[in-house]
Amino acid sequence: MAVIRDVMPAFELFQPATTDDALALLAKYGSDAWVLAGGLDSFDWLKDRIKRPKVVVDMSQASGLRGIKEMNGGLEIGAMTTLTEVVRHPLVKEHFSLLAEGAELAASPQIRNQGTIGGNVSQDTRCWYYRSGWKCYRAGGNICFADTPTAINREHAILDADRCVAVNPSDSAPALIALDAQMVIRGPGGERVVNAQDYFVGPDINIMRMTVLKPNELLTAIRIPGTWGGAKFYFEKIRDRQVWDFPLVNIAAAMKVSGGKIEQIRMAVNGVAARPLRLTAVESAVIGKPADAATGEMAGKIAIQGAVALRFNAYKIPLMRNLVKRAIGGVQEAAWKS
Amino acid sequence: MPTNKVNIPNYRLLGKNYTTPDMVAKVTGKSKYAEDFRAEGMLFCKLLLSPLPHGRVKRIDASAALAMPGVKAILTADELPPPAPFITDDGVMIPADPRAERGLTNEPLYQGEPVLAVAAVDELTAAEAIEKIQIDWERLPFAVDPMVTLKPGGPNARTDGNVWVVPPPAPPKPGEKPAGPPLPQVQDFKWTDAEYAEFKQGKLPMSKPSMEWSYGDIEAGFKKADLVVDEAFVTPNTSHQCMETRTAMAYWQNGKVFVHCSTQSTAQTVPAIARWLSIDQTNVVVISEYTGGGFGSKVTSGISLTIPVLLSKKVNAPVMMRVSREEEHYIGRARPGFHGRMKAGFTKDGRLVALDMFVVTDGGPYGPQGDANSSGRIVSLCYTPENMRWRGVNVITNTPPRGAQSQPGGAQGVMIMEPVMNKAANKLGLDQVAIRRINAPAGKAGIGGAIKGKRDHVTSAFVQEALDKGAELFRWNERKSQVKKSGTKARGIGVAVSAYSAGSIGFDGLFVIKPDGKIYIQSGVGNLGTESMIDSHRVVAEVLGVPWEQCVVTWGNTAKHLPWTCPSGGSQTIHAMTRAAHATAMDAKQKLQEIAAMDLGGTPADYEVGGGRVFRKGGGAGLTFAQAAQRAIKLGGKYDGHEVPETVSRMTKASVTGLAGQGLLAAAKDKYKRDGITNSYVAGFAEVEVDLETGEYRIVDYVGVADVGTVIHPRAFGGQMFGRTSLGWGHALAQKWVYDQHYGAPLAKRFYNSKPPTILDVPVNNFKWAAVDIPDPETPVGARGIGEPPVGAGASAVLNALVDALGENIFRRAPVTLDIILTALETGKPGDDPLTAHI
Amino acid sequence: MEIIEFARSPWGQDVPIHISFTLIWVCGIAGLAFLIGHAIYVKFMAKPEEFEATLPEAAAKVPAKIARHSLASRLFHWIMAAAMFALLFTAFLPKVGFPFAWVTYHWIAGLVLTASILFHLIHANFFLDPWAIWPDKTDIEDAKRRLLRARGEAAPAPRKFAKYPLENKMYHCIIVLTGLSVTLTGFFMMFRVSTPFFTRNPYLFGDMTWGWMYVLHGLAGVGLIALIMAHVYFAIRPEKFAMTKSMVFGSIDREHFLEHHDPKRWVVTESSK
């Protein structure tokens, strides 16, 4: 049977008005259902006829999932809030600019207008073998095409690989982890809340999914506590093109510095493993140290411990090291105006 | 871009900005492209693409697909007309090539090659039908990397070999027309063990070539040299990635086929379709008013349009083939990547006295491409080596078919040569602009190899002027001494020169001055975005001295009586068609003068034309164009087209007949003399800034100065400078193909994977262009094309600037992505794989 | 129900990729059904089997304790058992809804199993009687007799067993087959993942070869679920418990010996330990 790509097949479209209705649909259709947020990840899968749901549950009409509100000194962001809305929201910009920066570096303006924060954190990996529809581990097969003697794996993982070497491409995810955000998940059994860093799952635990979200569950909101409001933030994304490109590596850090010394810190990177990694070893090593280049150097070296390069991605190791260094010690700017 | 000006004196319209008549439709979304058309009862077709990089169809079982409701027909390669010989308008016989690409195939030579098509009531049904088709395949050996197929014992991409060989043309028999070009042959070619050993050391072996030419005495040249530089470089394969894919819709009426397609050339697409279908060209109508980009990939549209054409005939209904982005990646053409090695000898003062150039091209399965040979010709022109040998191996790979892409071969040649120039200047302690100036072509500079001791030459070249103007605009000397490294940043500047063909001759013009006094110009040029399909006709208004508003241009539909026109490829249009326009305007002028003399007395020479009138010199009696048009209709004969000029081509003759009797008809072939081959030149200057901790770099400033003769339309010219330079930057920055060599399958098929540059990757606010504004002496209005040379200049100026910022030991191939830079900075060795293709 | 899952290879070919994981449940349930069925059969339907009597003079020579498994054999058995359980749990728990990082444990257990098997091969072939575990002519003849008698037909009484009852020998045969399948395929499958031993090379074989290798590994794996269930079940059955004890303590007593074994076929000497 021949393969054809880039023609979206027919499916039944539901646009539930409430989250409950959506959950009922997911329960009813089980593995035949597909949850659609902004569609930027979904449409690729659907157009290429690789994922073939019979039913698409479009969340765009569900009430209460879109918008940002203040909550206990922090924020609650509806999962269907677009990245553009997140980027432009005054409270996000004022208190949690780390998230605004990360979200603004995602994709392109057009994509950010359509793409949602929930979709951005829950998106699937962009491994080009997997996305070609090749039946790899992540697709339920028995091979990783990206880690073979001839594989092209410049964009793949240096840490925590287990059979699969794909990476998580989200730009908002590390920012949320650094802000101690929580993911609000609703399922048939009601609501559960997980910490952002625990929302993501590596191939060692579940090689076919990127998050702990079960097929019958929905991410409804993201809560950002007030804890890190107004802290010193650092976000940087390294990519080949200045727009519409996934991160090769990105980094998000929130620091509370007092008297030149780091009092508290959260740091997360993405693009290096199948899930965004919180760098707890770095965090504990730099507490009490001055927020300067020397501490950064030390932190960078700790960050890359255990990193394993594939044939084409060894550069990610120094890149991650340098980004960790910059997140703590800052960037030494050039004397000229650029 | 307000800083940019051209300064061509003495023209009323040429060199001035204006709004082309297609512009409003384009910016308001009203323009209709091939896929916007619908016809009664229209079906859609979808393609079944080969899953194998090389294989043979053993059996097709389409029964389940054909049994589906809504599925109308399937078209396989067996139903295509076989390749047939054809005779060009000049009477040259082109023999049938059994190895030529066809719309569908039973022996796919690359993954993604169309094998069959299904027509159905809608695309969904067609796609589902495709999924129900079962094909039994025979797998055949394949190679996607030219280096792999050249290894001893390496697989061949074609069953009969891996390298193209073009036999020398047969000498013309006395009294006969010259024979057509001989058919390319395929050879099985492998490196020797010694050459393979050199390859394993990371060096491109200068093996036995499959083509070569030379001039001068290269050995003597090297003896004279004080410095010999031996460098290899690898350039990327880059898809054209036009915004509009090669969609086509076709229907047949009364034995004629009407094809809505996406093409660079309107008139020239007619004979191409006729040839592909083995039908007479009078039975082909091409409709293409707007084309969403071509860059060489749609010179006469694409052979894939034969699929809806033949399906339409088979089912007797219009058939639309919308080509998806996925399909466009496969059938949409790409620039062949080069593996090049240069051995160059310089004297102490920087003169290039000997150049031994060797290239291996990754030509895909169909060919051979002209890129290989062009690379040598352009290098010989750009850097004027005193003695040169060019050798090439045109390798066949199981990757999508290549085609011309802006500055085909020239860009690759420049990209391979520029690092050599850069290195030589650094070694000799010379300024980078100075070494290029010393070796720059001037006047009737030579190009290509010598045949019987004689080389071709160009019409003109003012490259030193371009370098001087660019250096001044860029403030080269001032910036040369700026600090290179500060904080975590490094910056560098680079210059590159580039050249390419920029004009052909011998085509026709056609227009009618109607009794309403307006000039109705027929344009056979394609609307590929360069605006030359309108710009070139400004010459008519200029010569006849009428306001542009009095001209109406018809384009984009060969049923509307268009003249024989050059293909819009190789940036020949503005040159070829301003000549044709000039010739036709002169024809009109002559006819106007004759009519005036007939009506008002005196001889034609007593009259002059201007202001929409023909009038007696020094003032006095005259006719308006409206009156002259009426008189022409009354006079008939040659004046209104009832008598067809002998000199124009077959298509123009038919169009003249079609338009006859409507007014004063002017039709003429460009028969102006030209001494030399027309080329244009660009000197590019770039500044880059590199982040030493991430390897990221940005082009912060760019100046491009073009030697293109008379600039006809500055805004369109600026668009070409910016667009084609950006295309070149893409080659430096990130754009490439990626292949999995185990399966011979492409991985970078979508924009976000193949990474062409975006508007945010290029210095949109710091891009300056200028022209040297010296008209070409060998063409009436002095105009040459601009669409090619900015590419190589753009790519190489940036790469040279990177070397200036970081030193020489960083990269050996392009694009230079941040991983390469960072790895090199970390390890102190070049950060790239030297020779593997498609990584 | 599908037994094998197929996938489209990058060349559009349908290749097997592994067994259908519902076979885990099928084998588990089949194993359970077998042991329930067997227990019911033995309890309510089976007639006690009669064997040829042992000659008193031969019986007289049998000592009070007869060595059945050497220490090395017992160690091998229990190490293998531990590895086998580790393999089964690491293989199948994640597939039935208990996800954890299993791959490294799985291949380490696989290596332990392989090593223990290699040891066993050498030990059994060079230090034990290698033929003792394979059915001989008498076993076949007796099997026929037992079958006929179980069906109530006339047949001479079968002889008692040699060192291993036929059921034991047959079980060993099946374990050899499944065990070799699973270890050999498992060994090559280590090339598919990253281990410290060699460069990962998932392209060591073609798609089709790999596919069938995974299927064989899976079939043997799920087969082992049922086989091990049966094995454990027999080990704890009261009439076989003496043998289980011998796998712990090494020997059986004279009474058990005389009831089940034929001293002519299992010649007990001092050196037969």
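Which residue of β16(B) is the bridge partner of B:Phe44? It is B:Met320, and some notes on the surroundings follow.

1. Before anything else, this is a predicted model: local features need pLDDT of at least 70, side-chain atom pairs count only at pLDDT 80 or more, and totals for chains, interfaces and linings use all residues. Residues are numbered from 1 along each chain as its sequence is written, while chains are lettered from A and ligands numbered from 1 in the order in which they are written.

2. Back to that pair. Strand β1 (residues 43-49) of chain B runs parallel to strand β16 (residues 319-321) of chain B, with 2 bridges between them. Helices (H or I, at least four residues) and strands (E, at least two) are DSSP runs, numbered from the N terminus, and two strands pair if DSSP finds at least two bridges between them.

3. Both strands sit in an open sheet of 7 strands in chain B, ordered β3-β6-β1-β16-β13-β14-β15, with mixed pairing. The edges are β3 (71-76) and β15 (284-287) of chain B; each has a single partner strand, so one side of each has no neighbour in the sheet. From one strand to the next, the twist averages 25 degrees. Helix α3 (residues 123-131) of chain B packs on this sheet, touching β1, β3 and β6 (114-120) of chain B, and its direction makes about 30 degrees with that of β1(B). Axes here are lines fitted to C-alpha atoms, for helices over the stretch in contact, and angles run from 0 to 180 degrees between N-to-C directions. Contact means that the C-beta atoms of two residues, placed from the backbone, lie within 7 Å.

4. There's another open sheet in chain B, with 5 strands in the order β23-β24-β32-β33-β36 and mixed pairing. Strand β32 (residues 679-691) of chain B and strand β33 (residues 697-707) of chain B are antiparallel over 10 bridges, and B:Ala683 stands opposite B:Val705 in β33(B). Helix α10 (residues 371-382) of chain B packs on the sheet, touching β24 (489-501) and β32 of chain B, at about 105 degrees to the direction of β24(B).

5. Have a look at β36(B) too. It runs parallel to β33(B), joined by 5 bridges, and B:Gly704 has B:Trp769 as its bridge partner there. 5 of the 5 residues of β36(B) are buried, so the strand is largely enclosed by the rest of the structure. Buried means 20 or more other C-beta atoms within 10 Å of a residue's own, exposed 12 or fewer, and partly exposed in between, with C-beta atoms placed from the backbone. B:Phe767, B:Trp769 and B:Ala771 point one way, B:Lys768 and B:Ala770 the other.

6. Helix α11(B) deserves a glance. It is mostly covered, with 16 of its 19 residues buried. A kink of about 25 degrees lies at B:Met417, shortly before the proline B:Pro419; the bend is the angle between axes fitted to the seven residues ending at a residue and the seven starting there. Just after the helix, B:Gly429 takes a positive phi of about 70 degrees.

7. Finally, chain C. Its secondary structure comes to 9 helices and 4 strands, and 26% of its 273 residues count as buried. The C-alpha trace spans about 70 × 40 × 35 Å along its principal axes. As for its neighbour, 4 residues of chain C are in contact with 5 residues of chain B.
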